[in-house]
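Visitor: I am new to reading protein models. Could you walk me through one, feature by feature?

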Amino acid sequence: MTELSKYQDPLTIQRVLHGARTIAVVGLSGNELRASHFVGYYLKRHGYQVIPVNPREPRILGETSYASLRDVPVPVDVVNVFRAPDALPGIARDAVAIGAKALWTQFGVINAEGTRIAEEGGLTVIVDRCLKVEHARYVGRMHWLGFNTQRITAVRGGLQ
């Protein structure tokens, strides 16, 4: 899968962000130095119900951690994936099985089979995007210039 833009549509991203209340984070770490922990913490601070899915830890961010998506006892809006790409097909099957609305994979978590399984199961799919970065971009937490540029860059020379 080389054409990722289909899974990075700004309007789809905004719809998922605004419609979600419950986010299951697969691979959420209890280690405060890990990106998944920071993202989970950020999402909790911004009003989302964060459900850790990590079989190695009983509690993360003050929440019960579940061994798999199928163990989560409440409806899930978004399944956010912080796992290796080869784990995605199984996670996608579980996301479809629990009736999640969207599958969102973090940077580098790209697997064509997993994407296909989720799409065929009726889920909205977002690939190779950070949920925290996109939330900050579209919900107003990234406003250094006073407006949404829809770009994050360190390149000087103005916007194009």
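Visitor: Which residues point one way from β1, and which the other way?

Guide: Start with the general idea. In a regular strand, side chains alternate between the two faces of the sheet. Now the case here, in what is a predicted model. Thr22, Ala24 and Val26 point one way from β1. Ile23 and Val25 point the other way.

Visitor: Are these β1 residues buried or exposed?

Guide: Buried, on both sides. Five of the five residues of β1 are buried, which makes the strand mostly covered. A residue counts as buried when its relative accessible area is under 20%. Across the protein, buried residues make up 46% of the 160 residues.

Visitor: What is the strand order in the open sheet of five strands?

Guide: Follow the pairing from strand to strand. The order is β2-β1-β5-β6-β7, and the pairing is parallel. At the edges are β2 (49–53) and β7 (124–126), each pairing on one side only. From one strand to the next, the twist averages 20°.

Visitor: How many bridges join β1 to β2?

Guide: Five, and the two strands run parallel. β1 covers residues 22–26. Take two bridges as examples. Ile23 has Val50 of β2 as its partner.

Visitor: Which strands does helix α3 lie across?

Guide: To place a helix, look for the strands it crosses, then check its direction. Helix α3 (residues 88–97) lies across β1, β5 (78–81) and β6 (102–105). The helix runs at about 155° to β6.

Visitor: How much of the contact in the protein joins residues at least 24 apart?

Guide: Set aside the pairs that are close in sequence. Among contacts between residues at least 6 apart in sequence, 58% join residues at least 24 apart.

Visitor: Where does Asp77 lie?

Guide: In the loop between β4 (63–64) and β5. Asp77 counts as buried because its relative accessibility is 11%.

Visitor: What does Asp77 touch?

Guide: Leave out residues up to four places away in sequence. Asp77 then touches Gly19, Ala20, Arg21, Thr22, Ala100, Lys101 and Ala102. Look again at Thr22. Its backbone nitrogen lies 3.0 Å from a polar atom of the Asp77 side chain.

Visitor: What is the phi of Leu61, which is not a glycine?

Guide: It is positive, about 55°. Leu61 lies in the loop between β3 (59–60) and β4. Leu61 is buried, with a relative accessible area of 18%.

Visitor: And where is Asp128 placed?

Guide: In the loop between β7 and α5 (131–138). Asp128 also has a positive phi, near 65°, and is a residue other than glycine. With 17% relative accessibility, Asp128 counts as buried.

Visitor: How many aromatic pairs are there?

Guide: A pair of aromatic rings is described by the distance of the centres and the angle of the planes. Here, rings pair if their centres lie within 6.5 Å. The count comes to zero.

Visitor: What sits over the ring of Tyr42?

Guide: The charged end of Lys132. The distance to the ring centre is 4.6 Å.

How values were computed. Residues are numbered from 1 along each chain as its sequence is written. This is a predicted model: local features need pLDDT of at least 70, side-chain atom pairs count only at pLDDT 80 or more; totals for chains, interfaces and linings use all residues. Side-chain values use heavy atoms; hydrogens and water are left out. Rings of Phe, Tyr and Trp (its six-membered ring) pair if their centres lie within 6.5 Å; planes under 30 degrees apart count as stacked, over 60 as edge-to-face and the rest as tilted. A charge sits over a ring if NZ of Lys or CZ of Arg is within 6 Å of the ring centre and within 35 degrees of the ring normal. Two strands pair if DSSP finds at least two bridges between them. Helices (H or I, at least four residues) and strands (E, at least two) are DSSP runs, numbered from the N terminus. Axes are lines fitted to C-alpha atoms, for helices over the stretch in contact, and angles run from 0 to 180 degrees between N-to-C directions. Contact means heavy atoms within 4.5 Å. Buried means under 20% relative accessible area, exposed over 50%, partly exposed in between (1.4 Å probe, protein chains only). A polar contact is a pair of N or O atoms within 3.5 Å; within protein, one must be able to donate a hydrogen and the other to accept it, and residues adjacent in sequence count only if both atoms are side-chain atoms.
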